[in-house]
Amino acid sequence: MDTVNKPARRVDALGKVLGESKYGADLQFEGMLYGKVLRTPYPHARILSIDTDEAATLPGVEAVLTAADVPGLHTFGTVVPNQQVLAKEVVRYLGDAVAIVAAVSPAVAEKALDLIKVEYEELEAVFDPEEAMAEGAPVLHEDAPGNIAAHHVLEKGEVEEGFAASDIILEREYETQLVEHAYIEPEAAVAVPEPGRRGITVYGSIQNPFSCRKALSRMLGFKLNEIRVIQAFMGGSFGGKDEVMSAMCARASMLALKTGRPVKMVNTREESLLEGYKRHPYKLKYKVGATKEGKLTAMKIYILADAGAYTAQTPFVTWRSVVQATGPYEVPHVRTDVYGVHTNNCYTSAFRGFGSPQIIFAQESLMDELAEELGMEPLELRRLNGYRQGSVTATGQKLDEHKVSLMEVLDKAVEKSDYLRKRKEYANQQGRFRKGIGLACSFRGCSLGAEGVDATGAMVSVQYDGSVYVFSGLAENGQGLQTIFSQIAAEELGISVERVRFMPTDTAAIPDGGPTVASRSTLMGGNAVRIAAAKVRETLLGAVLGRLKASAQELDWGNDRIWVKDDPSRCVSFEEAINEACSQGELLAALGWYKAPKVTWDDRHGQGNAYFTYVYGCQVAEVEVDTETGYTRVLKVTAAHDVGRAINPETVRGQIYGGVAQGIGYALLEEVQQHEGEIKSLNFDEYLIPGIMDMPEIEAIIVENPDSFGPYGAKTIGEPTLEMTAPAIASAVAQATGRRVRQLPLDLERVLLGRSLQQDRYKRREGGC
Amino acid sequence: MKKLPVVLTVNGKEYSLTVESNERLLDTLRQRLGLTGTKEGCGVGECGACSVILDGNLVNSCMVLTAQCDGSRVETVEGLGTAEKLHPLQQAFIDYNAVQCGFCTPGMLMAAKALLDKNPHPTEAEIRQGLSGVLCRCTGYKQIVDAVKAAAGEEG
Amino acid sequence: MLEFDLFRPQNLQEALDLLAEYKGSARVMAGGTDLMIALRAKKGMENVKYIIDISRLQELAYIREGEGLEIGPLATMTQVAESPVVRQCAGVLAAAASTVGSPQIRNRGTIGGNVVNAAVCADTVAPLVALEAKVKLERKGGSRWLPLDQFITGPNRTQLAADELMTGIVFAKLPANAGWGFMRLARREALAIARMNVAVVIKRDSQGKVEDASIVPGAVLPRPGRVTEAEKLLIGTIPDGALARRAGEAVAEAMISAAGRRWSTPYKEPAIIALTERAIKQALEVEWR
């Protein structure tokens, strides 16, 4: 391979270091207006009336719209369309919008918001998932009795028999927190009406242009081909710029269509934290049985996820949880129930990890707790029960179509981190500052699995002069997809990456290839690019057969040339091949379409081949805890990840470093404070993410076991990188302090006292610090 | 609101402007001068995406009123280098994969430049200290530190 | 962003004239690192119509040696942290200033702003109180001096009148026999408001016996001040670790007796004991880890 598996420079880096790349908020159009949103002051209320007259007459205001003005349906949603672009009768959380304004400046638009008068009738609200499921609780959506947004069951074997056969049973409860994506770029979009015919073009920080287009079509009452969604440069997304962007784009579009002028909307950080969805907080009850030798016999799991006000992707998020909830361990008897429950809290949806960080925190903490009960080294417990080639998962899937590399990633991470020696060294410490080391591992299903249809496309178009376009239905969110796809196209065509130009993702340019989620881009989109580029290459080879006097099988290509394997002096340049093909009237563009291999799922019992392939990872964290203040510093993280094949080792490392940083935030710092539906941490002064001085040394270990389905064997790296950092840190802290914390994050109070004080603060209605 | 005259030198070019009393330097750069390389991430001086160099000092341009800057020199990412002649920091950010989404990149570059202007051979701890006012959510910062180290080596 | 008219006085006299004229409807902007946030949020700005920008008044940006150390209110945190004379004669203050926010915040934020804003967690306040600093307040046609611990009357509350401007901070240089300690606890390494801090200055005789001690916690008491109960424990002794801890306990007791047992007390009580003990040890130049 000439280009793939090599550290190519990012193709989008130049514009970014020059400050020239245009993000959503950077876009300017002639005659552009600015849109602003009025949101509800109550988490659950009936809207009695909205008076927009005064706002509408404010000089500089061009439009004021409410739910009554929505041209199509006022709701949208990928699974259950119950999310409101503008609240019609009832508001269900404090991020719900009731009116929108377009004005000549953001300041005038904001003034107009103050002039809109809305009468509400407050309704009983519910903020706790358990209370929301109880009889008599207010029901948020008629079609979700008991406020159940999702319920997934998994049954394997006979769980009670499993417990009966065990020597030891452990029951533990864990809790994870509400977490914000905290992309540094707040949401932004510009909608531009199409002159002369019905149509709208929307630009912005849109993670999933096709999902956005579908939502817009429903809300605007437009045909799909009347809507064009073009992605601007994205200032990070991590799963977070989906539904919230569909709502923003729809609002901007309505204002633009109403006024006939381009309308820009940009969230402040506060608006972003207020309205944008977050990662689900989970409450997890685990019961595990094992023999005294440490063999797992049974696991019973009960999970409540707070879905907040709207369904969004809760059914999918919780589905991944049910598939992976036992961790990468052979457990003969399993019963799992995962519920997603509506409350009047901020809604929750996709966020890097997608239902895995929560369960891995619980289940990997549990493994360490079980090991301690058994008097075993946690690593040994994992080696004893961990997946090996041919293991059968909790969903009954036999892992035999890919290399099951759990033991390999464990061994590599353990060796590089010197885990065993340090584990012993830190076992008996005195003093105020104590160190600890912990590990966690995971298996992760790649791409969408049985969540839904899984296929995607790409187009490769070779130009007369040897330059190349790549169009993809999947989108660059900062992760490096453009570079990976450009490398794959270059590899297949045998040319240098510099010839390839990746085009912005545009719904009018390429078929709907599904969303850029589930760490599926390299695997799915990479295959699509590879197919497309290979088709064009076959055309080029076919065109020069006569000239080279050889059959296609006799040809080889690379370094901008095509030659005869046995006689390299018989060769043509890439340009010559193009000329030849053009003169023969051949098409030098191709659409590549890749459909994922078959997966199966039995909803009733939670059994099936949930994903067509999996990745394995192991992280070891070393910490130092100030035992008098609870302040915890991460000293080192060693992260071993099987990626199948690293298309670009440098960007893989970038994903690992960045994912570990988010994992450290999840472990120690990050928690959106929410009380009775009100988000208290509305900016980065309250919502703390790791800074450059908080980051430890990270050793990234790339493990490569090429997958039969992936392009060049490549699989997945985006999400696994953050999902096991928190439990590794939690176990390291437990070793250092002698006390296990079962709630995230392990902030100062939880590490020092074993509990958070925030709820006391709200109960006592005290301010201050 | 009172409007005020301001003379600003931005990236070596002088601008005579009349600005609103409450206009932030960030808005002047982005909206009046079209220099959208400087980003807004939080508006409260926490994320550092809006960092520029004001009279030789690194500042958050969201925390400064333009009218406070009469007679000042402002350096933004646009003044750092060109596609033909990149600043060593820009080149290093490309070479070391220090850019992912790129939204923090201008702020990081300006923070790094302010650091190297004063301390051409910083230690890793000094680099981290110097960049500590800019948040990044993508990279975990490692490749950014590597890039600044490399650029410092080259400049020295 | 709040709408207001901005004034740009060219010298101190003009600033005082403007303050005399607009009093309660005006706010003074120095580095702006606190005020810009309030203006953006329009919080606590109900009557504000004018902003008086003093950030360019170089005459208030000094750091100089006189009878003691004199620091102009417009000296930035960076200037204070990097000033050789502050580092040598008031190291506790330089250390505190260097922990504020980020380079961007320190380049803009001023010591006067930090003091006048009087946030309970203001990092320079505890060391300045420990140094027994006085502040000069000027108004058109008059001026007065106040000890800093009297100037600040509560969280975000001071004795500054609407027409007054702080124009100087003065304190005695630490003598050669003085040691200092500054400990700060925050949730992360940079860009983090202090959860608590504590500044300690200890003067010892040639035998190592404590002659005088200042122990000032931050974000612990409703208004900043020395904890004399803790100081008394040290005076006349050659303190060991146990005594340093007892002094920390005295600070915690002072906190609880002043503010009661609050939601945060279960955490703050043990933490401030540890921080105080460490700051004392640091001042005594003994290992505190």
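Domain bounds here come from an automatic or database domain assignment. The model itself is predicted. The predictor gives the complex an ipTM of 0.98 and a pTM of 0.98.

So, chain B. Domain 1 runs over 3-79 and domain 2 over 88-155. Taken over C-alpha atoms, the centres of domain 1 of chain B and domain 2 of chain B are 21 Å apart. Where they touch, domain 1 of chain B puts in 13 residues and domain 2 of chain B puts in 12 residues. On the domain 1 side of that contact, strand 3 of chain B, residues 51-54, supplies the largest share, with three residues. By class, that side of domain 1 of chain B splits into seven nonpolar residues, five polar and one charged.

Now chain B as a whole. The chain has five helices and five strands. Along the sequence the order is β-β-α-β-β-β-α-α-α-α. The globule rule gives 15 Å for 156 residues and the radius of gyration of chain B is 15 Å, so chain B is as compact as a globular protein of that length. Along the principal axes, its C-alpha atoms fill a box of roughly 45 × 30 × 25 Å. Of the 156 residues in chain B, 67% are buried. As for contacts in chain B between residues at least 6 apart in sequence, 58% of them join residues at least 24 apart.

Next, the contact between chain A and chain B. Chain A gives 44 residues to it and chain B gives 40 residues. On the side of chain A that touches chain B, the elements giving two or more residues are helix 1 (13-18) and helix 17 (649-669) of chain A. Helix 17 of chain A gives the largest share of that side, seven residues. The class count for the side of chain A that touches chain B is 20 nonpolar, 14 polar and 10 charged residues.

While we are on chain A, one more helix. Helix 7 of chain A covers residues 243-259, which is 17 residues. From first C-alpha to last, helix 7 of chain A reaches 24 Å, close to the 24 Å expected at 1.5 Å a residue. Is helix 7 of chain A enclosed by the rest of the structure, or open? Largely enclosed, because 15 of its 17 residues are buried. The cut-off for buried is 20 or more other C-beta atoms within 10 Å of the residue's own. Just after helix 7 of chain A comes G260(A), with a positive phi of about 70 degrees.

Last, chain C. The mean pLDDT of chain C is 97, and 100% of its residues reach 70 or more. Chain C has 12 helices and 13 strands. For 289 residues the globule rule gives 19 Å, and the radius of gyration of chain C is 19 Å, so chain C is as compact as a globular protein of that length. The box filled by the C-alpha atoms of chain C is roughly 55 × 45 × 30 Å along the principal axes. Buried residues account for 55% of the 289 residues of chain C. Of the contacts in chain C with a separation of 6 or more, 64% are between residues 24 or more positions apart.

Conventions: Residues are numbered from 1 along each chain as its sequence is written. Chains are lettered from A and ligands numbered from 1 in the order in which they are written. This is a predicted model: local features need pLDDT of at least 70, side-chain atom pairs count only at pLDDT 80 or more; totals for chains, interfaces and linings use all residues. Two residues are in contact if their C-beta atoms, placed from the backbone, lie within 7 Å. Helices (H or I, at least four residues) and strands (E, at least two) are DSSP runs, numbered from the N terminus. Ala, Val, Leu, Ile, Met, Phe, Trp, Tyr, Cys and Pro count as nonpolar, Asp, Glu, Lys and Arg as charged, and the others, Gly among them, as polar. The radius of gyration is taken over C-alpha atoms; the globule rule is 2.2 Å times the number of residues to the power 0.38. A residue is buried if 20 or more other C-beta atoms lie within 10 Å of its own, exposed if 12 or fewer, and partly exposed in between; C-beta atoms are placed from the backbone. pLDDT is the predictor's confidence in each residue, from 0 to 100. The expected span of a helix is 1.5 Å times one less than its number of residues.
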